Protein chains: 2
Amino acid sequence: MTSARPEPVPTLTSIQELIADLPETTVITDPDLMEGYRYDWARDPGAGHPVAVVRPTTTEQVQITMRWAHRNRVPVVPRGAGSGLSGGSSAVQNGIVLSLDRMRRIEIDTASRVAVVEPGALNAAVKAAAALEGLWYPPDPSSFEMCSIGGNIATNAGGLCCVKYGVTTDYVLGLDIVLSDGTAITLGGNRLKDVAGLSLLKLFVGSEGTLGIVTRAILRLIPPQAPPSTMVALFGSISAAAEAVVAISRTARPAMLELMDSASINAVEDHLSMGLDRNAGALLLAQSDLGGSLASAEIAEIERICMACGATEAFRTDDPVEGEAFAIARRAAFPAIEKRGSLMLEDVGVAVPRLPRLLAGISEISERLGVEIPTVAHAGDGNTHPIVVFDAADPDSCRLARLAFDEIMTLAISLDGTITGEHGVGRLKKGHLPAQLGPDVMELTHRIKDALDPLGILNPGAVL
Amino acid sequence: MTSARPEPVPTLTSIQELIADLPETTVITDPDLMEGYRYDWARDPGAGHPVAVVRPTTTEQVQITMRWAHRNRVPVVPRGAGSGLSGGSSAVQNGIVLSLDRMRRIEIDTASRVAVVEPGALNAAVKAAAALEGLWYPPDPSSFEMCSIGGNIATNAGGLCCVKYGVTTDYVLGLDIVLSDGTAITLGGNRLKDVAGLSLLKLFVGSEGTLGIVTRAILRLIPPQAPPSTMVALFGSISAAAEAVVAISRTARPAMLELMDSASINAVEDHLSMGLDRNAGALLLAQSDLGGSLASAEIAEIERICMACGATEAFRTDDPVEGEAFAIARRAAFPAIEKRGSLMLEDVGVAVPRLPRLLAGISEISERLGVEIPTVAHAGDGNTHPIVVFDAADPDSCRLARLAFDEIMTLAISLDGTITGEHGVGRLKKGHLPAQLGPDVMELTHRIKDALDPLGILNPGAVL
């Protein structure tokens with residue numbers, strides 16, 4: 001549908017025009033300073049060199065930037081904290097990077113029970129501000145301490161508690177958005193229910209900066225969780241652990257249900273020497289936040305299911321501090337695996353009953369290609385993070401890693417799964433998107449994109 | 001944006017063509033039989049006379065119908081159970097009514113914990129099928145016994161438990177959709193998390209049949225609620241009750257928080273003689289489903305808040321049967337009010353802290369215009385149902401009722417609220433949509449509509 005568009009190259013004059021229209025220090029053109037805005041955590045080798053980085057502090061400044069970009073047909077890559085894992089905010093050659101990192105205001109409205117936040121605010125800052133008022137913002141990507149709400153909205157980010165509490169889109173009640181031509185619109189508001197007109201609000205969530213720039217969000221808050229009861233169980237094999245997840249999902253509703261495979265357990269043990277059982281095939285970590293004796297009973301039932309599914313041992317506690325100690329291994333998995341080499345982070349997901357087949361398939365790919373792929377998973381919602389480890393200095397290792405990365409996506413699609421459960425398509429996974437969605441849905445996607453961004457200046461090369 | 005399109009009139013030949021392409025008994029052209037498909041519960045006086053009613057039993061038959069309609073530029077009004085309250089499925093003159101009432105299959109997949117349902121299946125049937133497997137489908141519009149899942153998806157329907165459990169869109173994981181040209185697509189699936197590509201799935205939910213025809217839905221199921229603890233409180237004035245709702249919403253998370261005003265209490269008492277206090281200014285009904293002692297404690301806290309906000313009396317029970325007896329008055333409100341005359345059902349909503357002002361404004365409109373407007377509300381999410389009672393045989397009463405109906409929407413918008421929290425815009429409210437959304441969002445809406453239905457044959461005249 002979308003025809004190739006001529007690559008725009010802004011002239012020096014036109015950039016001077018933008019600089020003149022914005023407050024001093026808003027536009028960066030120094031190549032050294034711009035270097036820090038070229039990549040997200042995916043370190044996409046295809047990232048281009050921007051002509052400028054714009055760091056607005058108001059919606060109006062975003063509008064000025066988009067009007068200028070629209071007039072001059074300059075590509076714009078919106079950027080939050082740069083913690084994306086799919087290259088969704090890799091800079092585009094000769095484009096603008098629009099960094100929302102200076103827009104960080106957070107207001108908690110306790111009466112409406114919402115947070116009104118700017119996109120650069122960190123997820124952790126929103127959680128903390130809500131907690132000060134005795135409220136809770138649930139979505140908790142593992143990177144919550146450094147990722148921004150704008151990025152969370154752009155990717156419809158998930159996390160550990162999503163298995164019970166849903167993902168980012170479930171908490172977005174309102175958005176202020178600047179469209180590709182600089183028009184500012186408001187969608188939704190602090191109303192809990194509103195069905196007036198099309199669900200445009202939800203369309204923008206997860207659109208990875210390809211449809212508009214979020215400049216303000218109204219997020220639903222809920223009362224805090226009760227202190228959790230926690231269980232950890234060890235299994236002889238990953239397939240036994242996966243079957244336990246399927247069995248738990250049939251009857252219980254844990255507030256967290258995480259899995260680590262043998263390779264990730266060993267990576268953590270190498271890193272922290274916690275005394276984890278190096279011979280364990282997999283570990284499951286579950287929490288219940290039903291509160292008091294109900295949580296205790298739910299976690300006991302989860303332990304019973306684990307033992308019935310062949311767990312070799314299991315521990316449980318109603319003490320939140322001890323429970324957090326159980327969770328340390330899971331939280332340490334990513335930093336531990338990071339020590340083993342360069343990483344390509346996968347994010348494939350399937351329906352929970354297919355989790356055993358997905359995990360078996362990942363092991364098979366790892367063994368066949370001889371690539372180390374420790375895997376952790378938000379098992380309760382079928383979302384896995386196989387982490388492909390490779391040696392960036394060895395071209396053969398790079399090639400095999402990329403092959404494994406691609407094969408894992410093909411495997412997920414063959415199981416009627418998704419190539420991305422929470423990280424987004426970005427630039428790293430877009431080659432696989434048509435295989436998942438099929439030509440008709442791709443065509444429809446292009447129609448929506450063309451309707452909202454007819455010049456194709458918003459984050460070109462991402463998703464599509 | 002959208003220019004007026006010539007009104008298409010299908011020829012006799014073209015209809016014979018459609019009849020020939022579909023199984024016998026699928027197409028109805030008998031005017032007497034078609035009469036039952038011209039209206040939904042809004043009884044829109046502007047409903048047209050269709051040229052045919054098509055009652056497909058498969059997605060393929062929906063495709064055949066849409067290909068024919070597309071080729072002949074015939075308007076198509078999709079229809080579920082016909083229980084809509086905004087005229088969203090009023091027949092269009094010389095158009096087709098596409099009734100999904102024969103597509104009612106329901107499969108419960110306990111392993112994935114989803115229901116796979118056809119659009120004509122009733123909400124109550126889905127709930128019942130899930131309950132047989134020990135699972136729960138939460139969305140519970142008051143009409144759940146007679147409304148269809150397809151209609152629920154079309155309007156993004158809410159209900160009583162939505163204050164805690166969210167609305168229809170929060171439970172839709174996958175949709176099969178037939179587009180305006182007959183193309184069939186599948187969006188999402190039985191995966192709990194999936195961010196691959198734009199959120200097209202969510203765009204179709206709440207689109208009131210203007211973007212495509214849902215032929216299958218995959219709905220998330222969760223474990224059932226614990227037996228509820230229930231409280232009912234009476235207040236001297238509606239403003240005191242509304243302030244109690246605001247206070248409750250600051251700290252508790254009830255699974256139901258309903259309000260009845262004095263007029264609706266009296267209507268129920270006229271109807272059922274339950275012994276309700278006719279002098280009460282308002283009644284609040286709350287339930288907690290935290291389970292056991294936690295529910296008991298939460299409902300006691302809600303009672304305490306009600307008394308602190310000036311409740312004249314309150315009762316609570318942990319016995320679900322007794323609790324259901326408390327709820328009878330609320331459930332009987334609509335049938336009771338229906339006895340008082342013809343009705344126009346409002347569905348306006350605001351942020352919870354503005355509920356007192358919305359309710360005061362509705363009383364003011366009722367008094368000033370001399371129109372009876374008993375009001376019930378899903379108070380916990382700020383969504384109210386003022387019910388305008390009028391005498392259909394009296395032109396003056398009709399005029400004043402319509403005036404009150406319009407003024408209530410204007411009031412809601414002035415409070416930064418919505419003209420519809422859960423019923424949809426349909427044809428009855430579309431005149432007020434631009435005032436709520438503003439010209440830029442309306443323009444964007446038209447762009448999306450034009451991208452997905454360029455000939456404008458899908459439910460023309462609804463929403464837009």
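Two strands are said to pair if DSSP finds at least two bridges between them. In the predicted model described here, this criterion applies to strand 15 of chain B, where the bridge partner of B:Leu259 is B:Ala377. The pairing to which these two residues belong joins strand 11 (residues 256–261) of chain B to strand 15 of chain B, in the antiparallel sense and over two bridges. Strand 15 of chain B is also joined by four bridges to strand 16 (residues 383–390) of chain B, and these two strands run antiparallel, with B:Thr375 standing opposite B:Pro386 in strand 16. Strands 15 and 16 of chain B form a hairpin that has four residues between the strands, and in its turn B:Gly382 has a positive phi of about 75 degrees.

In a regular strand the side chains alternate between the two faces of the sheet. Strand 15 (residues 375–378) of chain B shows B:Thr375 and B:Ala377 pointing one way and B:Val376 and B:His378 pointing the other way, and all of them are buried. Elsewhere in chain B, four strands form an open sheet in the order 1-2-4-3, with mixed pairing. The edges of this sheet are strand 1 (27–28) and strand 3 (76–79) of chain B, each of which pairs on one side only. Strand 1 of chain B is joined to strand 2 (residues 52–54) of chain B by two bridges, the two strands running antiparallel, and B:Ile28 stands opposite B:Val53 in strand 2.

In chain A, attention turns to strand 12. Because seven of the seven residues of strand 12 (residues 282–288) of chain A are buried, this strand is largely enclosed by the rest of the structure. The buried residues lie on both sides of the strand, with A:Ala282, A:Leu284, A:Ala286 and A:Ser288 pointing one way and A:Leu283, A:Leu285 and A:Gln287 pointing the other way. Strand 10 (residues 229–235) of chain A pairs with strand 12 of chain A in the antiparallel sense over seven bridges, and A:Phe235 stands opposite A:Ala282 in strand 12. A further antiparallel pairing, of six bridges, joins strand 11 (residues 256–261) of chain A to strand 12 of chain A, and here A:Leu257 stands opposite A:Ala286.

Two loop residues of chain A were also examined. A:Glu118 is found in the loop between strand 6 (114–117) and helix 4 (123–132) of chain A. With a relative accessibility of 11%, A:Glu118 counts as buried, since the cut-off for a buried residue is under 20% relative accessible area. The side chains of A:Glu118 and A:Arg105 are joined by a polar contact of 2.7 Å, and, when residues up to four places away in sequence are not counted, A:Glu118 touches A:Thr57, A:Met103, A:Arg104, A:Arg105 and A:Thr215.

A:Thr169 lies in the loop between helix 6 and strand 7 (172–178) of chain A, and at 4% relative accessibility A:Thr169 likewise counts as buried. A:Thr169 and A:Asn156 are 13 residues apart in sequence, while their C-alpha atoms are 5.8 Å apart in space. Leaving aside residues up to four places away in sequence, A:Thr169 touches A:Asn156, A:Lys202 and A:Val205, together with B:Lys202 of the other chain.

A:Lys193, A:Val195 and A:Leu198 supply 14% of the area that chain A buries against chain B, which is more than any other three residues.

Across this interface the rule finds six salt bridges and 26 residue pairs in polar contact. In one salt bridge, the side chains of B:Lys193 and A:Glu422 meet at 2.7 Å, N to O.

Terms used
Residues numbered from 1 in each chain as written. Chains lettered and ligands numbered in written order. Predicted model: local features only at pLDDT ≥ 70, side-chain atom pairs only at ≥ 80, totals over all residues. Heavy atoms only, no water. Buried area = accessible area lost by both parts, 1.4 Å probe. Salt bridge = Lys/Arg side-chain N within 4 Å of Asp/Glu carboxyl O. Polar contact = N/O pair within 3.5 Å; in protein donor to acceptor, adjacent residues only side chain to side chain. Buried < 20%, exposed > 50% of the residue type's maximum accessible area, 1.4 Å probe, protein only. Contact = heavy atoms within 4.5 Å.
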